[in-house]
Amino acid sequence: MIQQIVFATLFFIGGTIFTLKILRLRKGLAMARPSNRNDQKAKRWKVMTRVALGQGKMGTRPLAAFFHLIVYVGFVIINLEVIEILLDGLLGTHRILKNPLGSFYNPIMSIFEWLGVAVIIACVAFLFRRWFGTIPRLKHKELVGWPQRDAHIILYTEIVLMVALLIMNAAEEASLKNSAPFFFSNILAQGLTGISPENLYAIEKTAWWVHFIGILAFLNYLPYSKHFHIILAFPNTWYSKLTKRGAISPMAAVTNEIKAMMDTSFVPDISNNPKHFGAKDISDLHFANLLNAYTCTECGRCTDECPANQTGKLLSPRKIMISTRNRVEELIKNPENELYLLDNHITREELWACTTCNACVEACPLNIDPLDIIIQMRQYLVMEESSAPQSINAMNTNIENNGAPWAYSQADRGIWIKEE
Amino acid sequence: MSELISIPTLAEMTAKNETPDILFWVGCAGSFDDRAKKITKAFARLLMRAEIKFAVLGAEESCSGDPARRAGNEFLYQMQALANIETLNTYKVQRIVTTCPHCFNTLKNEYPELGGKYEVFHHTQFLKTLLEEGKLKVEGGAFKGKRVVFHDPCYLGRMNGEYEAPRKVLSALESELIEMKRCKQKGLCCGAGGSQMFKEPEKGVIDINLERSKEALASDPQIIATGCPFCNTMISDGVKHFNQEGKVQVLDIAEAISQADDL
């Protein structure tokens with residue numbers, strides 16, 4: 001009975017803290033403008049199914065995709081066992097699903113074990129890749145400190161959770177003398193021979209509690225971590241940009257202003273106008289931008305394909321996402337601080353290095369769009385501060401005066417026809 | 001190659017009560033840049049050769065607004081776009097072909113939201129159709145067996161998913177088409193997009209156009225083909241930087257087809 005109370009209390013506390021974290025995140029995301037991306041629901045379901053559930057954009061790097069798939073499938077399927085853990089914990093039972101599932105139970109548990117071992121192998125492979133690999137995208141300077149620690153914590157935790165599962169089965173196996181014929185715990189059980197039944201029981205229970213508390217802790221760790229993508233991947237892909245890839249969404253406020261300029265009788269509806277053009281800070285961005293930032297798992301495929309980054313420029317699309325997330329966190333903690341996303345987190349040098357080539361957007365396995373943020377911040381620089389590089393100002397002046405980025409007269413546009 | 005060509009403007013054509021099958025949107029580079037003008041002329045010759053009734057806007061054409069928009073000047077972009085749309089709609093233009101992927105992307109994907117709805121083609125798409133319909137016939141000629149590497153323009157490839165048309169047109173040359181490692185979806189930008197063409201690059205270890213040119217040259221081509229006047233400039237500069245301009249030609253697909261045909 002005490003165990004049940006402890007279990008229920010822990011479960012309640014863990015659940016409550018997680019709920020509070022989600023509410024805190026919602027508050028953070030609510031700082032942004034709405035994205036207006038709830039149209040075309042059928043298409044959104046499709047994108048979410050293909051990209052998030054179906055891992056549709058992972059395959060460009062087959063080896064990473066394979067190991068990631070193991071961890072993903074393993075995580076989803078093994079977590080079905082959490083249902084049993086919850087029931088056992090709350091009701092004080094032991095393997096409550098064994099009877100209802102009948103002859104299916106052992107094969108299912110066996111599959112969990114196989115997957116558990118596969119997940120351990122995949123996590124170890126990922127750890128080795130981080131320790132000894134030379135993959136540039138995992139070594140960038142923006143990962144130094146928390147992002148790299150975060151990555152390691154996630155992998156260690158997953159290994160611990162899986163090992164606990166195996167030890168739990170093995171201890172039970174050892175005490176019951178092979179009544180549950182699971183392949184891996186059978187092997188492990190042989191290492192536990194000679195331990196008294198009481199101690200085996202203690203080991204089993206400890207492993208069970210480690211697994212349960214581990215899951216609760218991991219759940220509450222997610223909001224601090226790049227690992228949040230396991231949940232946010234779904235809403236994030238739902239809020240994907242569905243308009244043409246090459247199109248920047250038009251600024252209605254600007255259209256209104258121009259129309260009013262051309263036709264003095266036109267009275268624009270300015271109730272929805274943003275407080276300024278472009279983005280200087282979080283409140284200027286739209287909802288999906290922030291969701292993108294929290295969904296980013298810092299894999300660096302974007303940065304790896306970015307022409308500016310590959311040629312040594314300061315810009316890294318991944319860092320744009322990390323900076324955005326950091327800035328949201330900063331504002332949640334202290335809404336009154338006097339910093340901004342621009343300059344304090346993302347520098348002008350980064351923004352002007354972008355070629356808008358869309359490689360980062362194409363590369364992201366979760367449809368994150370760093371380019372959207374870059375363009376909005378450039379809009380702020382140009383339209384609010386008039387502080388573009390001088391050559392860009394000259395280009396804009398030319399377009400304005402003579403309809404071309406160079407200083408040629410528009411009247412001469414047809415001259416090539418007459419030239420040899 | 002160098003005889004005068006006669007191309008009507010849309011105004012002239014309209015004055016004669018005629019309508020073109022398609023409008024050739026020349027773009028700023030195609031109108032003013034000496035290197036890009038050759039691409040413009042090559043494509044115009046191909047259109048004439050295929051007996052396509054086409055016109056240009058001439059002095060009535062203006063920058064599509066792409067570089068302004070990508071540089072963050074939404075106001076200037078919309079001014080340009082709305083003015084162009086007014087011109088195009090006044091002439092009731094329905095079909096447009098352009099040799100510039102940036103104009104192509106803006107006209108095709110961004111003008112509709114401001115009231116400009118047209119059927120827009122990149123010239124490689126249009127050439128592909130002409131070849132398929134037999135309106136244009138090409139034999140490899142000078143290009144037969146030559147090693148050609150194609151550089152995907154971002155605004156044609158990644159932005160518009162068009163990887164096939166330029167390759168299909170190139171294959172008509174009976175040349176040996178080779179691919180760089182970073183091609184198609186993973187194609188490396190030439191460094192000109194996002195209005196980078198008009199400014200100095202940020203500090204780095206190498207300029208993007210040199211990085212790309214180095215990669216293209218490493219595939220040991222005789223010709224580097226592009227479908228964008230800006231890519232053409234960037235990569236031509238890169239080829240010069242590596243002192244390869246005597247050995248490797250940088251050509252637009254329209255130029256290659258036009259030269260193969262010995263027009």
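## Close-up views of a two-chain predicted model

**Figure 1. Overall make-up of chain A.** Chain A holds 20 helices and zero strands, where helices (H or I, at least four residues) and strands (E, at least two) are DSSP runs numbered from the N terminus. This is a predicted model, in which local features need pLDDT of at least 70 and side-chain atom pairs count only at pLDDT 80 or more, while totals for chains, interfaces and linings use all residues. Residues are numbered from 1 along each chain as its sequence is written, and chains are lettered from A and ligands numbered from 1 in the order in which they are written. The C-alpha trace of chain A spans about 95 × 50 × 40 Å along its principal axes. Of the 420 residues in chain A, 38% are buried; a residue is buried if 20 or more other C-beta atoms, placed from the backbone, lie within 10 Å of its own, exposed if 12 or fewer do, and partly exposed in between. Among contacts in chain A between residues at least 6 apart in sequence, 72% join residues at least 24 apart, two residues being in contact if their C-beta atoms, placed from the backbone, lie within 7 Å.

Figure 2. The domain assignment of chain A, with bounds that come from an automatic or database domain assignment, gives domain 1 (2–30 + 61–238) and domain 2 (252–406). The C-alpha centres of domain 1 of chain A and domain 2 of chain A are 39 Å apart, and their contact takes 20 residues from domain 1 and 21 residues from domain 2. On the side of domain 1 of chain A that touches domain 2 of chain A, the elements giving two or more residues are α1 (2–29) and α10 (229–238) of chain A, and α10(A) provides the largest share with six residues. The residues of that side divide into 10 nonpolar, five polar and five charged, with Ala, Val, Leu, Ile, Met, Phe, Trp, Tyr, Cys and Pro counted as nonpolar, Asp, Glu, Lys and Arg as charged, and the others, Gly among them, as polar.

**Figure 3. The two domains of chain B.** In chain B the assignment gives domain 1 (10–128) and domain 2 (138–260), and 22 Å separate the centres of these two domains, taken over C-alpha atoms. In the contact, 27 residues of domain 1 of chain B meet 26 residues of domain 2 of chain B. Elements that give two or more residues to the domain 1 side are α2, α3, α4, α6 and α7 (123–132) of chain B, and the largest share of that side, eight residues, comes from α3(B). The side of domain 1 of chain B that touches domain 2 of chain B divides into 12 nonpolar, nine polar and six charged residues.

Figure 4. Strand β3 (residues 95–98) and strand β4 (residues 119–122) of chain B pair in the parallel sense over four bridges, where two strands pair if DSSP finds at least two bridges between them. R95(B) has E119(B) in β4(B) as its bridge partner. A right-handed β-α-β unit is made by β3(B), α6(B) and β4(B); a crossover is right-handed if, with the strands pointing away from the viewer, the path from the first strand over the helix to the second runs clockwise. Strand β5 (residues 147–150) of chain B pairs in the parallel sense with strand β6 (residues 176–178) of chain B over three bridges, with R147(B) opposite E176(B) in β6(B). Here β5(B), helix α8 (residues 164–171) of chain B and β6(B) make a right-handed β-α-β unit. Three bridges also join β5(B) to strand β7 (residues 223–226) of chain B in the parallel sense, and V149(B) has I224(B) in β7(B) as its bridge partner.

**Figure 5. The nonpolar cores.** A nonpolar core is a set of buried Ala, Val, Leu, Ile, Met, Phe, Trp, Tyr and Cys residues joined through C-beta atoms within 7 Å. Of the 141 residues in the largest core, M377(A), L23(B), F24(B), L127(B), I224(B) and A225(B) touch the most other members. Helix α18 (residues 370–384) of chain A supplies the largest share of this core, eight residues. Leaving aside its neighbours within four places in sequence, A225(B) is in contact with V148(B), F150(B), L170(B), L251(B), I253(B) and A256(B). A second, separate core of 29 residues includes A122(A), M168(A), F182(A) and A207(A).

**Figure 6. The contact between chain A and chain B.** This contact takes 60 residues from chain B and 55 residues from chain A. On the side of chain B that touches chain A, at least two residues each come from α2 (27–32), α3 (34–49), α4 (66–70), α5 (74–90), α6 (101–110) and α9 (208–218) of chain B, and α5(B) gives the most, with seven residues. The residues of that side divide into 25 nonpolar, 20 polar and 15 charged.
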